[in-house]
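This report is meant for someone looking at the structure for the first time.

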Amino acid sequence: MTPPASSLRIGIAGLGTVGGGVVKLLAAQAALIAARAGQPIVVTAVSARDRTRDRGFSVEGLNWHDNPVALAADPNVDVVVELIGGADGPAKDLAEAAIAAGKSFVTGNKALLAMHGAALAIAAEKAGLVIAYEAAVAGGIPVIKVLREGLAANQISRVAGILNGTCNYILTTMREEGRDFADVLAAAQELGYAEKPDPGLDVDGIDAAHKLAILAGLAFGVKIDFADLHIEGIRRISDLDISFAQELGYRIKLLGIAERTGAGISLRVHPAMVPLSRPLASVDGVFNAVQLEGDFSGPVFLRGRGAGEGPTASAVVADLIDIARGIKIPVWGQAASTLAPAVLTPMAAHEGAYFIRLMVTDQPGVLADVTAILRDHGISLESMLQHGRKPGEAVPIVLVTHETSEAEVGAALLRIATLPSVLEAPALIRIEP
Ligand code: HSE
């Protein structure tokens with residue numbers, strides 16, 4: 001197609017929900033975007049798997065490329081937008097080809113950035129190009145802009161977020177409808193919230209960890225080795241844990257947490273008990289939220305839609321508007337060549353309070369055996385719950401500890417699990433202040 005003189009010409013790889021959303025948003029808001037960007041932003045080329053699919057808009061008149069990497073060499077493309085996904089393969093090839101061709105690169109690909117973001121940034125900055133990725137983390141929430149620009153004067157001490165809408169939807173529905181994980185997961189798959197047949201990227205915490213690695217790299221100015229993150233998903237959360245959480249004044253959320261500790265940076269994704277009084281506790285359903293702590297700004301809380309056509313397209317187009325305006329911000333908020341390797345604190349060094357649930361035989365002396373082991377490991381209890389009485393049968397017991405260390409809790413639970421009266425593996429959920 002022939003765009004108007006002096007416009008920013010875009011090539012989009014991937015015309016799924018997000019790619020299609022970008023095409024539609026650019027058309028629907030063309031005048032507003034041209035006014036704000038200082039020039040029209042026009043799609044001139046696309047690449048997708050199926051040319052004939054009905055996407056609700058026409059690809060007639062656009063340069064069509066079967067191979068996404070060819071977008072980088074298209075002379076009618078100034079900026080390449082990658083919405084294919086995947087840490088390697090065509091997405092990475094396209095990023096490298098775009099930079100080699102002297103074109104800025106916009107992506108929603110968290111896996112690509114979490115795995116290769118530092119190397120790509122070095123190549124882009126050497127060539128004076130932009131890599132922009134607002135859509136990669138928390139969809140419509142402009143958290144990259146907030147960290148990279150709005151809070152640029154702050155030392156960030158902590159980032160904590162609900163970064164995966166699928167997990168938040170599953171946990172919320174389990175609580176509201178009293179259903180178990182497998183049942184709600186199957187329903188989420190039918191609704192298209194969770195992948196079929198393998199929902200692992202979401203429910204095993206990987207997607208949240210990709211986003212956390214990006215936020216931590218930005219917040220702390222470090223290069224992160226993704227393999228070093230501590231990652232747990234939500235498969236083991238039971239409806240029993242959810243109702244005990246409710247009773248004790250908590251909500252169970254899958255959190256991604258990046259925080260400075262005395263010994264380095266703690267980076268972890270795991271289910272957590274969040275006190276009902278905290279803002280993250282009331283973020284339900286498919287919503288995402290991020291809480292940031294800056295030393296001068298104080299706490300900042302952002303909440304919004306973390307996925308979906310409109311919110312994610314909004315983030316992609318905001319990046320395109322910045323590029324059209326000529327704004328160039330270092331990919332990681334500082335020159336990529338100055339990023340130091342992250343020193344991560346091991347999970348065993350984590351300190352905090354813990355929720356422990358045991359299934360035990362209801363008989364005299366069980367609690368005495370359990371608390372003796374906790375005493376041996378210097379673990380003090382804040383509260384204990386048991387409901388009902390079923391002599392000789394299985395009953396749940398919940399223990400809430402005071403602040404202690406992960407290493408001690410882990411060692412104590414290994415011993416507790418071997419008691420004959422303890423009938424299944426203990427459930428352990430960290431309590432986050
Ligand atoms: N699958 C993600 C979620 C959205 O459920 O939040 C894209 O990262």
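## Strand β4 and the cores

In this predicted model, Ile12 has Val81 of β4 as its bridge partner. The strand that pairs with β4 in the parallel sense, over four bridges, is β1, which covers residues 8-13. Strand β5, residues 104-107, also pairs with β4 in the parallel sense over four bridges, and there Val79 stands opposite Ser104. Together with helix α3, which spans residues 90-100, β4 and β5 make a right-handed β-α-β unit.

| Strand paired with β4 | Residues | Sense | Bridges |
|---|---|---|---|
| β1 | 8-13 | parallel | four |
| β5 | 104-107 | parallel | four |

In a regular strand, side chains alternate between the two faces of the sheet. Within β4, residues 79-82, Val79 and Val81 point one way while Val80 and Glu82 point the other way, and all of these residues are buried.

The largest nonpolar core holds 85 residues, and those that touch the most other members are Ile131, Tyr133, Val143, Ile170, Leu215, Ile234 and Leu292. Helix α9, residues 206-220, gives the most to this core, contributing 10 residues. Apart from this core lies another one, of 33 residues, which includes Ile41, Val130, Leu320 and Ala324.

Which residues does Ile234 contact, once its neighbours within four places in sequence are left aside? Ile234 is then in contact with Cys167, Ile170, Leu171, Phe181, Val203 and Leu254.

Methods: Residues are numbered from 1 along each chain as its sequence is written. This is a predicted model: local features need pLDDT of at least 70, side-chain atom pairs count only at pLDDT 80 or more; totals for chains, interfaces and linings use all residues. Side-chain values use heavy atoms; hydrogens and water are left out. A nonpolar core is a set of buried Ala, Val, Leu, Ile, Met, Phe, Trp, Tyr and Cys residues joined through side-chain atoms within 4.5 Å. Buried means under 20% relative accessible area, exposed over 50%, partly exposed in between (1.4 Å probe, protein chains only). Helices (H or I, at least four residues) and strands (E, at least two) are DSSP runs, numbered from the N terminus. Contact means heavy atoms within 4.5 Å. Two strands pair if DSSP finds at least two bridges between them. A crossover is right-handed if, with the strands pointing away from the viewer, the path from the first strand over the helix to the second runs clockwise.
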